[in-house]
Amino acid sequence: MSLQPSQPDGTLHVLPFGGGSLAARVRAVYDEALDAADGPHDVLVLKRLPNGVAEFTTGLRDAADLSVRPNVKSLPRHAATVLDEAAPDKRLLSYEERIEFLARVLDGYNWSSYFEEASQHDSFGRDVGQLLLDAAWQGGFDLPDGEGGEYDEYLRELADVNDAFHEKLAQRGLIEQADAIPRAIAALDRPGVRQRVEREFDAIVVAEFEECTAIDRAYLASLARNADLHCVAESQASVERVKKEPGGVERLADGLTVVRHDDAAADRSAAASRPESAGEADSASESAETAASETVGRAFGQFLATGDWDGDATARLIEAATLDQQVEEVANEIEYLRREHGWEYGDFAVLLRTVGDPMPRVRRILRHSGVPTAAAGVGGLEQDLAVRELHALARYHSDDERRALDLLRARVPDVDAELVEECVDPRSVAQSLKRWIVTTDLKGRIAAESADIDAREQFQNVSRLVSIAEFVDEQDFFEVNWSEFVGMLRRAITYDAPYAHTAEVDVAEGGVTVGDTALVKNDSRKAVFLLNVVDSEYPGDETLSPLFPTTWITQMDGYPAVTQPTEEQVIDTYATVTDVAGNEFERYHDERARRQLAIGARAADERLYFCTYEQSRGSVGKPRHRSRYLHAVAEHPDLTLEEVEGPGIDRDIHTLGSASTEILAQPWSELERVQAEASTGGEVQLESAEERLAAIQKVIAESETVDPRFERAVKTQFDFARGAVRPDENPGATGGGE
């Protein structure tokens with residue numbers, strides 16, 4: 001489809017790059033709208049991005065000193081409410097349901113030879129689904145008239161697939177979430193619908209307007225036809241929109257009256273938004289240290305986003321040999337800061353550039369180190385033990401009875417085949433799951449075995465699986481059997497949803513926030529750890545989609561992302577670019593990565609850590625080098641990177657993971673020390689080594705809580721160190737690094 005959206009009419013407030021509380025920055029504009037309205041119920045506030053809606057609502061209520069909650073929704077969620085008014089008989093599709101309907105279309109599709117070959121890869125369905133989703137959030141493929149780019153024929157084929165997919169949904173009264181906004185635009189043209197929707201507001205305030213794409217702006221233009229529209233945008237801060245269309249916030253100003261806010265006003269707003277320190281009665285030195293460190297995130301974030309910063313600031317640098325060791329050092333630093341300052345886990349964020357691999361691994365390492373984590377949206381299904389249990393139950397009934405029963409016994413020791421069969425309702429997969437959950441007290445076991453934050457996540461995932469089973473029961477194109485459920489569950493695990501394509505996202509409380517940098521775009525933490533700040537990640541190589549070579553994508557006129565930027569567009573989009581020497585496509589997306597790093601950095605109130613590693617696993621793989629943006633930071637005369645040594649060197653050991661690694665390394669390190677002394681003719685003091693190793697053995701022998709596998713690993717390391725056993729004679733031994 002060719003999108004020719006109308007432009008909204010109203011006021012655009014442009015704020016400088018600053019971050020901090022979104023509610024505090026929007027408050028003045030909200031107060032202005034509130035003064036002209038009858039009350040908070042007449043002012044609709046729309047937040048463009050889905051994360052932190054609840055926190056933003058609470059913050060705006062407090063900032064505006066309201067006695068009632070302001071009327072706040074994410075923009076996609078509001079579009080869904082418009083559809084409810086227009087078509088109450090329609091239902092929005094869940095992400096798992098979308099996967100299944102699309103899989104039915106893809107499996108039976110008559111592909112061209114290129115896609116037929118690509119479909120042999122396991123990731124094909126996920127890759128096609130992601131590209132169709134990206135297009136749907138922009139109102140569909142914006143294919144040019146005529147032939148278009150050299151490879152646009154492939155996009156036309158995908159557009160036909162998307163049409164077939166939506167036709168299948170329409171037959172069942174279903175709508176995918178990404179299609180809600182264009183459908184809502186059409187629904188607002190119906191007089192009865194518009195009349196009911198407009199009863200909700202007299203004025204609209206839009207936060208994060210810098211992230212509104214063309215289809216979002218068209219929705220706002222239609223929604224605010226008879227209402228005052230106040231848009232708030234932040235300069236040099238767009239991450240999501242600039243992936244899809246180039247240009248700074250000025251590009252969005254067509255039809256809007258622009259009001260610019262200077263840095264001084266932004267500083268006053270940020271200062272007003274900071275809560276009073278609970279330690280006002282503490283020593284003057286501590287207050288001075290806190291005041292000096294409050295701007296650390298803004299200092300580094302503003303330099304990375306705009307290229308400008310005046311003033312001194314210091315960030316920390318964690319450098320490790322492997323990705324795993326990097327995360328282990330982060331975990332140890334978190335525990336060190338907790339003990340040193342009394343901070344809570346919720347005061348920390350561990351951020352990667354994007355959602356996806358290796359985020360599940362990062363969460364797993366943190367948790368193994370004793371650090372609870374909280375992620376945006378639903379946690380990964382693959383690593384959830386409760387999900388594995390229900391998956392094993394389904395496999396028992398479908399295709400692997402013996403092995404599945406072994407897995408079930410590992411979770412429920414008293415289980416037998418008779419108990420499994422007793423839980424089966426032949427008419428319903430969902431009822432069978434519910435019987436198992438109740439009979440084996442799955443929720444009680446989760447609560448007893450897991451910390452509160454982990455238990456809440458597992459409860460969510462169990463509910464998610466039950467919903468998938470109910471979907472299998474309800475839809476007429478499924479056979480109500482376990483094989484269908486296993487197939488759907490396998491796809492749900494493989495294509496686990498990134499939060500950026502949902503309507504609302506909240507981060508669970510009580511743990512360290514783990515997510516991508518966009519998650520904290522308008523939030524802050526006392527300490528922020530930016531992982532993998534290496535050149536292969538910041539900026540890395542922008543592929544956009546595994547379906548096509550990048551050289552093809554750069555020639556596709558209708559691809560739903562920026563593929564053919566001009567030098568002028570690159571300069572217009574990023575303040576960090578004054579000229580482009582080389583490939584405009586690469587420079588454009590390289591600078592977007594730099595901005596993502598800036599967004600993550602500015603979320604740090606008091607401590608900011610840039611974290612790097614040299615190898616992906618052990619000594620195998622291509623070496624990683626510091627990001628070029630870290631080199632730019634290091635060259636700034638007023639910005640300092642202070643290196644943090646690892647556990648046991650500059651820091652005491654504060655985590656279980658670090659302690660385990662250190663203990664397993666002791667025999668080797670002591671042996672190397674003795675050998676070094678002997679080889680240089682020095683005197684060898686064996687007493688200290690013997691005392692240290694004997695202490696480790698004594699603790700293990702006397703403890704009743706040490707895992708036997710860890711005890712065996714330690715003993716094996718002692719045998720290796722003294723040469724009693726060679727490593728290749730004991731392949732089951734475990735080290736501490738992976």
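D590 counts as buried at 15% relative accessibility, where buried means under 20% relative accessible area, exposed over 50%, and partly exposed in between (1.4 Å probe, protein chains only). The model is predicted: local features need pLDDT of at least 70, side-chain atom pairs count only at pLDDT 80 or more, and totals for chains, interfaces and linings use all residues. Residues are numbered from 1 along each chain as its sequence is written, and side-chain values use heavy atoms, with hydrogens and water left out.

**Surroundings of D590**

- D590 belongs to helix α26 (residues 584–601); helices (H or I, at least four residues) and strands (E, at least two) are DSSP runs, numbered from the N terminus.
- Leaving aside residues up to four places away in sequence, D590 touches P539, G540, R628 and Y629, contact meaning heavy atoms within 4.5 Å.
- D590 and G540 are separated by 50 residues in sequence and by 7.4 Å in space, C-alpha to C-alpha.
- P539 sits in the loop between β13 (525–530) and α24 (550–553), and the peptide bond from Y538 to P539 is cis, with omega near 15 degrees.

**Positive phi values outside glycine**

- D65 has a positive phi, near 55 degrees; D65 is in the loop between α2 (53–63) and β3 (71–74) and is exposed, with a relative accessible area of 69%.
- E208 also has a positive phi, near 60 degrees; E208 is in the loop between β6 (203–207) and α10 (214–223) and counts as buried at 3% relative accessibility.

**Salt bridges**

- The whole structure contains 38 salt bridges, each defined as a side-chain nitrogen of Lys or Arg within 4 Å of a carboxyl oxygen of Asp or Glu.
- E234 pairs with R602 in a salt bridge whose closest N and O atoms are 2.5 Å apart.
- This pair links distant parts of the chain, 368 residues apart: E234 in strand β7 (residues 228–234) and R602 in the loop between α26 and β14 (604–615).
- Both E234 and R602 are buried.
- E449 forms a salt bridge with R411, with the closest N and O atoms 3.8 Å apart.
- E449 lies in helix α21 (residues 442–449) and R411 in helix α18 (residues 401–411), so this pair ties together parts that are 38 residues apart in sequence.
- E449 is exposed, at a relative accessible area of 54%, whereas R411 is buried, at 18%.
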